[in-house]
Amino acid sequence: MVTTSAPSVRSRRAAGVRTTRRSGRGVYWAYLVPGALLFLAVIVVPFFMNLYLSFTKWPGLGTPRWIGIDNYTRLLADETFWLSFRNSISMIVAMVVVPTLLGMLLAAVLFDYLGKRFNGNVASALRATYYLPQILPVAVAGILWGWILNPQTGALNVFLRQIGLDSLALNWLGDTTTAMPTVMLVMIWVQVGYPVVIFMAALQRVDPELYEAAELDGAGWFARFKAITLPQIKPETFVVTLTCTIAALKVFGPIYVLTKGGPENTTNVPSYFSYQNFFPKSQVGYGAAIATVLTIIVVVVSIVFIRAQSASERKEGI
Amino acid sequence: MATNSAVLPGAGAGGISSTGGASPSATTPRRGTRFQRGPLRWAILALALLVAFAMMIPFVIMLLNAFKSPADYAANGPVSLPSSLYFDGLVNFWTRVNFPEKLVNSIWISGAVAIGATLVSLLNAYALGIGRIRGRMWIVGAFLLANMLPQEALIYPLYYLAKQVGLYNNQWSVIIIFTVIQSAFGTYLLSSVLSTFPPSVLEAAALDGASKWQVLWRVVFPISRPTLSVLVIFFFIWTWNEFFIPLVMLIDNATQTIPVALASLQGDRMMDAPTINAGSLISLLPAVIFFFIFQRTLTRGITAGAVK
């Protein structure tokens, strides 16, 4: 066990006050053993098995047959594959872009405007309301929405017919033109509370004197929002957009319960597409290839995000 | 805040609305008087309430229709109050999915994961954050990466391996998998919290002759308890809401969690409006109750973590 740390390494360790415990550093490895074994069994081994399977043809029974990169070349020619990734972009709009912008606006209004003009409970109650969809199991939310949007018996269409708007009573989730916009609206509803809560917490961090000084200088609400709020809550904005983008790329549950990827794959997304190949179609190798591509995209997006964040932090000299 | 009164005139001139601060009825007397009390604030409040109302519509629809008979629904539609309370939907759902069994399954799986993942996170973070073992940046990075992986990239091998070791359709498979997935995040978070643990406390304990094991349980554990309780709550809720892996792993009715059982009833002809709505209602109640019970702990724990 390598416990003697070279001076160069030691100097890089942040606090230089740990000299007294240097002797026993090796013992700490033992505490990592259970976690590492579990990690190996549940993450590392399955991950590489999946990678291997993506180069094979395997119906889930018998021995996988090595076919090289055939699955990947097949992917490139598969229209459903491209469609599913285009749908990911719609998911990013519905789960990242709109909720972040809307959440920022709502948080600023709640914290900066209503919070100061009404009793503080008003803002907290509104925040809790916006957040409510976030705490339900997404499958439950999907079932509820699936029923509301059911073309024959759902609450929306029954209501529309009741008030004489029969022509508006569309097959929301079953029609190729309306399915994706409808799913996107549901996802905005699910997602918007998360940025509101994070941004409101972020705003509490901002020094009120900044606002007061700006107000003295005659800056209006929007000018203050642009000059103070936005730059101050940048770290949280990064966290929200990164976590939501990853969630949007990985979205599965809502698609499964709302549309099963249909109609005609118009709402299919990569994770659901790989699930379809793994289980209903038993094309395990092909499903593994889709999952691998999705993994690469998620990792690349995360690295780009984190790079961009540290670059912008460096630029500001923080 | 005390200085606000001094800047009142200037603020009034440069403020948001031109509808002066004349209204004498102050709803929040302890706040400064620099803010306008004109109609604009009511308009903004109305807008915010409208958004809140729009968010609540699905819940309102659900409540209105959970206890309404199918005949009443056919006659009066979804937005009317039920003419009489109808409990058959709830009873129907309760018995069809055997709700108590699903509730116990969900509580058992989520509870076991919450405790297990927090324990694993603590052990990992003890080595990484306090032990500062070599290569810890890489190890923490690996955990963080694992947290970002799409579950689809692991699911087939996990499914296959679970079958090989006889854990397929067994709740232990889900518990073990989520213990690892959640602890990947917990390790990342807790390592950074523990890396700022006051060294003087550890040194004092070491001088008193405490072993590393004793330091962990008698010093580190009690002091980081607020953060740990936040992790327990997060892990519980996250696992409770999980769908994909339980869907694949738990095919038998007797082992399923609430979300999976509810989803498996979808498209069933027996699922009429009250059954779906009452089913959704009792399926989301545990999550909502849990959230409200622990809301305080969460906020307190988060601030405690932030101060450290």
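# Exercises on a two-chain model

Buried residues make up 53% of the 318 residues in chain A. The model is predicted.

**Exercise 1.** Describe the secondary structure of chain A and the sequence separation of its contacts.

*Solution.* Start with the elements: chain A has 15 helices and two strands. Then take the contacts in chain A between residues at least 6 apart in sequence; of these, 64% join residues at least 24 apart.

**Exercise 2.** Which residues of helix 7 of chain A are buried, and what covers them?

*Solution.* Step one is to locate helix 7 of chain A, which spans residues 155-162. Step two applies the cut-off for buried, under 20% relative accessible area. The residues that pass are A:Ala155, A:Asn157, A:Val158 and A:Leu160. Step three asks what lies over them. The cover includes helix 6 (138-148) of chain A. From chain B, the cover includes helix 2 and helix 3 (70-76). Finally, look past the end of the helix: A:Gly164 follows helix 7 of chain A and has a positive phi, near 80 degrees.

**Exercise 3.** How many residues of each chain are in contact across the interface, and what area is buried there?

*Solution.* Count the residues on each side: 97 in chain B are in contact with 95 in chain A. Next, take the area. The size of an interface is often given as the accessible area lost when the parts come together. Between chain B and chain A about 8800 Å² is buried, and carbon and sulfur atoms give 74% of that. In chain B, the residues that lose the most area to chain A are B:Met55, B:Arg134 and B:Tyr156; together they account for 9% of what that side buries.

**Exercise 4.** Which polar interactions cross the interface, and what makes up the side of chain B that touches chain A?

*Solution.* First apply the salt-bridge rule across the interface of chain B and chain A: it finds zero. For polar contacts, the rule finds eleven residue pairs, both residues at pLDDT 80 or more. Then turn to the side of chain B that touches chain A. Helix 2 (residues 39-66) of chain B gives the most to this side, with 17 residues. Sorted by class, the side has 69 nonpolar, 18 polar and ten charged residues.

**Exercise 5.** Where does UniProt place the feature "transmembrane region" in chain B, and what is the chain's structure over residues 40-64 and 275-294?

*Solution.* Read the record first. The unreviewed UniProt entry places the feature at residues 40-64, 107-126, 138-160, 172-194, 215-237 and 275-294 of chain B. Now check two ranges in the model. Residues 40-64 of chain B are 100% helix and 0% strand, with the end C-alpha atoms 33 Å apart. Residues 275-294 of chain B are also 100% helix and 0% strand, and the end C-alpha atoms there are 29 Å apart.

Terms used. Residues numbered from 1 in each chain as written. Chains lettered and ligands numbered in written order. Predicted model: local features only at pLDDT ≥ 70, side-chain atom pairs only at ≥ 80, totals over all residues. Heavy atoms only, no water. Contact = heavy atoms within 4.5 Å. Buried area = accessible area lost by both parts, 1.4 Å probe. Salt bridge = Lys/Arg side-chain N within 4 Å of Asp/Glu carboxyl O. Polar contact = N/O pair within 3.5 Å; in protein donor to acceptor, adjacent residues only side chain to side chain. Helix = DSSP H or I, 4+ residues; strand = E, 2+ residues; numbered from the N terminus. Nonpolar A, V, L, I, M, F, W, Y, C, P; charged D, E, K, R; others polar. UniProt positions renumbered as here; feature names shortened; annotations may be inferred. Buried < 20%, exposed > 50% of the residue type's maximum accessible area, 1.4 Å probe, protein only.
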